[in-house]
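Trainee: I have a new model to learn. Could we go through it by question and answer?

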Amino acid sequence: MKHFVSINKTEIEFFSDENFTILEQAELNGHSLKNGCRLGACRVCKLKLLSGDIEYIVGNKIGLTKKELDENYFLPCCAVAKSNIACELDGDNKTLSETKEGAVICDIKRIPGVTILKFKLSKRSKMNFIPGQYIGIEVPNREYRYYSIANIPKNDGYVEIHVAKNKNGVFSDLICEKLEVNDVLWIYGPYGDFISGYHDEVRDIVFVATGTGFAPIKSIIESGLFNERKIYLLWGGRRRVEHYFSEIIDNWKNTLHNFNFHMALSRQNEEEHLESHCGYVQDVFRKEIDLNDDIEVYMCGSPNMINDMSELLKNDYQLHEDYIHVDVFYPNS
């Protein structure tokens, strides 16, 4: 059965078959809605349901908070329409076509497994981002990939992203092997609410990252937003070479008086490093953060890490969801 779907304040209207998710049906009808993991974890695509009924088709894999559910937000990547529905875009959730602009690559740094890409926006750019946000980049065949912004906003028109080399990755292959300085990319955004509007000034800040999940955390730390608090950075990877910004970490240790860094290596097979732990960031978290500490946690990385850390924080640390901030990092292939 097909049901009519309309998105307020846009021209997006279509019929949705119950055999397809609402996001899939929108795309089949030529509409480009913002999306990310398509598994219900990243929350990139969330919409607010104004009327009608939807049904999730992936069980409990729904990454919305209780507050968002109470406010009738839903994830079209995981839901089908069960009646005619009306909905509206989230505050920062715009259709991609509204925000497209060109950017010129001005610097490329390729290191083992990761490429640091910097590009320059035009002087007419209207992109105003805040620490912790991300952008969309158009790749071949009009697909899109999303990357966290790694630098702080300086009104200088530069944007930096960190791209991990993924096997058979549509865009990572292009960036890590083929793109050159002065090539042009089409970008969208910025998006995201990694930094919430609520902060408890007495709580210590714990950043947890795996791989290039370091990028938005780099932006947040460099912004100085939490400089007056005690800061922990737990950065996980398989091998030491994956901690690709050691000079920046060293600078933070010298300039931020309350900064604490811990490296987690899941495949440690090299000489010991004073700050390294063998295992996962979850293991390091248990060792370094006391159950009774007043903390606020920002996590960016793999779905497995996010899931494990979320369970740990809620069950063992009894941490309220207001103090848990998540940016799920999905390899695209």
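Mentor: Helices (H or I, at least four residues) and strands (E, at least two) are DSSP runs, numbered from the N terminus. This is a predicted model: local features need pLDDT of at least 70, side-chain atom pairs count only at pLDDT 80 or more, and totals for chains, interfaces and linings use all residues. Residues are numbered from 1 along each chain as its sequence is written, and side-chain values use heavy atoms, with hydrogens and water left out.

Trainee: How many helices and strands does the chain have?

Mentor: Take the DSSP runs as the units to count. The chain comes to seven helices and 19 strands.

Trainee: What share of the residues is buried?

Mentor: Buried means under 20% relative accessible area, exposed over 50%, partly exposed in between (1.4 Å probe, protein chains only). The chain has 333 residues, and the buried share is 52%.

Trainee: Is helix α4 mostly covered or uncovered?

Mentor: Helix α4 spans residues 214-223. Its buried residues include F214, I217 and I221. Eight of the 10 residues are buried, so by that cut-off α4 is mostly covered.

Trainee: At what angle do α6 and α7 pack?

Mentor: Two packed helices are described by the angle between their axes and the distance between the axes. Axes are lines fitted to C-alpha atoms, for helices over the stretch in contact, and angles run from 0 to 180 degrees between N-to-C directions. For α6 (residues 281-288) and α7 (residues 303-316), the axes lie 10 Å apart, and the angle is about 25 degrees. Angles under 35 degrees count as roughly parallel, over 145 as roughly antiparallel, 65 to 115 as roughly perpendicular and the rest as oblique, so α6 is roughly parallel to α7.

Trainee: Which residues of α6 make the contact with α7?

Mentor: Contact means heavy atoms within 4.5 Å. On the α7 side are M305, D308, M309, L312 and L313. The α6 side supplies V281, Q282, F285 and R286.

Trainee: Which peptide bond is cis?

Mentor: Most residues other than glycine have a negative phi, and most peptide bonds are trans. P190 sits in strand β13 (residues 184-191). With omega near 5 degrees, the cis bond runs from G189 to P190.

Trainee: Is N182 buried or exposed?

Mentor: N182 lies in the loop between α3 (170-178) and β13. Its phi is positive, near 85 degrees, though N182 is not a glycine. Its relative accessible area is 59%, so N182 is exposed.

Trainee: What is the relative accessible area of N72?

Mentor: N72 is in the loop between α2 (66-70) and β5 (73-74). N72 also has a positive phi, about 70 degrees. N72 is partly exposed, at 44%.
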